[in-house]
Amino acid sequence: MNSTDDLRRSPLHAKHVELDPTFAPFGGWEMPIQYGGGGVVAEHTAVRETVGLFDVSHLGKALVVGEGAAAFVNSCLTNDLGKIVPGKAQYTLCATEEGGTVDDLIAYLVSDDEVFLVPNAANTAEVVRRLAEAAPESITVTDQHGDYGVLAVQGPKSTEVLAAVGLPTDLEYMSFVDSEWNGTTVRVCRTGYTGEHGYELVPRWADAPALWDALLAAVTEQGGRAAGLGARDTLRTEMGYPLHGHELSSSITPSQGGAGWAVGWKKDAFWGRDVLLAERENKPARRLRCLRALDRGVPRAGMPVLDADGQKIGETTSGTFSPTLRTGIALALIDTAAGIEAGTEVALDVRGRTLRCEVIKPPFVESHVK
Amino acid sequence: MAEAPEQLKYTEEHEWAEVKGDTVRIGITDYAQQQLGDVVFVQLPEEGKEFAVGDSVGEIESTKSVSELYVPVAGEITTVNTALDASPELINSDPYGEGWIFEVKPSDGIDGLLDATAYKALTDNE
């Protein structure tokens with residue numbers, strides 16, 4: 001058993017305890033992986049078919065403010081903030097000058113002078129450190145990890161849930177608005193990481209429990225349920241979305257990890273630009289691929305990927321059982337030189353057993369985010 | 001709270017054993033299935049093969065993890081529960097009934113297993 005002494009807890013910890021959760025350490029936080037009476041498959045299915053409520057308060061929060069804050073962030077992170085307007089959010093990456101990936105994160109463009117960032121739990125301090133170090137005097141970068149909770153309402157019934165608690169619902173995908181709720185302000189975002197239509201809500205830390213209660217009642221009313229990080233992982237894997245530490249890391253570039261679309265290649269400046277442009281020019285040495293099992297079995301991270309001759313051509317970065325497809329699925333970094341394309345059959349070495357897989361184009365399951 | 005029926009024998013690897021005539025039926029305990037979470041795939045043992053106590057004979061995969069299946073008594077695997085191929089979730093819904101996994105014909109008795117009281121003491125400490 002891991003020691004839980006040093007782990008941070010969500011503002012909703014006591015709420016989880018009421019739901020017979022299985023807790024596990026995640027990114028330095030003690031978070032619910034699944035709930036009693038549910039389980040990963042039931043929670044996953046609720047999100048795909050009705051609606052699920054997640055606590056993702058472990059996610060980082062950071063504020064960049066000051067004259068030209070957006071232009072400053074745009075000169076550091078990979079994606080092009082110039083492509084969006086205030087009130088919109090963007091998936092972006094924090095790369096190193098060597099081209100590795102410090103983190104993938106969401107940037108919420110509040111105004112030319114204010115950007116709100118949501119990095120991954122374990123990487124927030126590092127992203128904040130790098131930005132603060134690079135920031136001119138007029139711009140302040142503040143780690144707000146413990147200032148806000150983050151709740152995600154995801155699934156086809158998510159609009160009904162938000163309407164039931166009196167929050168705005170009429171938002172385009174990747175847009176957000178600050179809304180008055182219960183005498184406080186909640187940031188309502190049309191974002192998520194499940195592939196379903198959904199919202200992410202950012203209340204003040206102290207206001208998170210009341211918001212959770214209201215949302216859970218509405219979610220239950222719609223036939224949905226609370227969902228843990230176990231279901232969040234199977235949902236994002238079905239979409240082929242990267243998870244930092246698996247598909248992206250300090251040794252995996254955005255292009256390799258399938259996140260090249262989140263790089264503003266035409267921008268004059270961002271961290272890692274020269275190395276990443278050169279890599280793009282010469283084609284990355286390996287690329288993230290989606291594998292769907294043809295045999296019965298469950299892929300896991302770190303399994304060798306073999307070609308038809310049994311030669312190792314890559315390694316899985318994530319693997320799980322897809323509750324939607326009822327088959328094993330995996331994400332894998334595969335050598336470009338192997339010439340693997342969608343439709344090619346490869347094999348995984350599952351502890352000495354062979355698991356045949358078909359390379360497919362992502363996602364595994366149709367996206368309904370819009 | 002995990003159940004552990006009185007009439008069964010148990011192992012420290014969280015398997016149960018039930019003597020049925022000259023064979024012993026094996027499954028995993030309620031505690032084990034709770035720890036594993038949703039079982040999604042069972043690699044069943046091969047029928048007709050002989051094993052020694054503690055040999056790994058298969059695997060149980062859940063959404064979260066994989067765990068090995070051990071043979072708690074030496075002997076020959078006489079039959080396996082093929083219903084688990086299509087419905088591995090039987091291990092979660094009925095671990096002591098429909099979710100049984102395989103049967104062994106013991107070659108030297110079934111000594112060394114825990115009774116329900118000893119097994120409950122073990123899981124209470126985990």
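Gln256(A) is buried in this predicted model, with a relative accessibility of 9%. Anything under 20% goes down as buried, so Gln256(A) qualifies at its 9%. You'll find Gln256(A) in the loop between α7 and α8 (273–282) of chain A. Its side chain has two polar partners to look at: the side chain of Glu279(A) at 2.8 Å, and the side chain of Arg286(A) at 3.0 Å. Setting aside neighbours within four places in sequence, the contacts of Gln256(A) also include Ser251(A), Pro284(A), Arg287(A), Leu288(A) and Leu333(A).

Two of those names, Leu288(A) and Leu333(A), turn up again around Thr317(A). This threonine is part of strand β17 of chain A. Is Thr317(A) buried or exposed? It counts as buried, at 9% relative accessibility. The side chain of Thr317(A) makes a polar contact of 2.8 Å with the side chain of Glu247(A). With neighbours within four places in sequence left out, Thr317(A) also touches His246(A), Ala301(A), Leu331(A) and Ala332(A), among others.

Now for the largest pocket, with a volume of about 1,200 Å³. Its lining has 41 residues, and the ones nearest the centre come as Thr22(A) and Gln34(A) from one chain and Gln34(B), Gln35(B) and Lys64(B) from the other. Elements giving two or more residues to this lining are β2 (21–26) and β3 (29–35) of chain A, along with α1 (30–36), β4 (39–43) and α4 (116–124) of chain B. β2(A) gives the most, with five residues. The lining splits into 17 nonpolar, 14 polar and ten charged residues.

Let's stay with Lys64(B), one of the residues nearest the centre of that largest pocket. An unreviewed UniProt entry places the feature "modified residue: N6-lipoyllysine" at this lysine. Where in chain B does Lys64(B) lie? Look in the loop between β6 (56–62) and β7 (66–70) of that chain. Lys64(B) is partly exposed, with a relative accessible area of 33%.

The side chain of Lys64(B) reaches the backbone oxygen of Gln35(B) at 3.3 Å. Neighbours within four places in sequence aside, Lys64(B) is in contact with Thr22(A), Ile33(A), Gln34(A) and Arg300(A) in chain A, and with Gln35(B), Leu36(B) and Gly37(B) in chain B.

Zooming out a bit, the unreviewed UniProt entry also places "domain: Lipoyl-binding" at residues 23–105 of chain B. Across residues 23–105, chain B is 18% helix and 42% strand. The end C-alpha atoms of this stretch are 4 Å apart.

Asp20(A) has a positive phi of about 50° although it isn't a glycine. This aspartate sits in the loop between α1 (13–17) and β2 of chain A, and at 54% relative accessibility Asp20(A) counts as exposed. Met174(A) also has a positive phi without being a glycine, with a value near 70°. Met174(A) lies in the loop between α5 (158–164) and β11 (176–181) of chain A, and it is buried, with a relative accessible area of 16%.

Which two residues does the cis peptide bond join? They are Pro362(A) and Pro363(A), and omega is about -5°. Pro363(A) belongs to the segment after β20 (353–360) of chain A.

Technical notes. Residues are numbered from 1 along each chain as its sequence is written. Chains are lettered from A and ligands numbered from 1 in the order in which they are written. This is a predicted model: local features need pLDDT of at least 70, side-chain atom pairs count only at pLDDT 80 or more; totals for chains, interfaces and linings use all residues. Side-chain values use heavy atoms; hydrogens and water are left out. UniProt positions are given in the numbering used here, feature names are shortened, and annotations may be inferred rather than shown by experiment. Buried means under 20% relative accessible area, exposed over 50%, partly exposed in between (1.4 Å probe, protein chains only). Contact means heavy atoms within 4.5 Å. A polar contact is a pair of N or O atoms within 3.5 Å; within protein, one must be able to donate a hydrogen and the other to accept it, and residues adjacent in sequence count only if both atoms are side-chain atoms. On a 1 Å grid over the protein atoms alone, a cavity is a set of points where a 1.4 Å probe fits but cannot get out, and a pocket is an open set with protein on both sides within 12 Å along at least five of seven lines; lining residues have an atom within 4 Å of a point. Grid points are joined across faces, edges and corners, and a volume is the space filled by probe spheres set on the points. Ala, Val, Leu, Ile, Met, Phe, Trp, Tyr, Cys and Pro count as nonpolar, Asp, Glu, Lys and Arg as charged, and the others, Gly among them, as polar.
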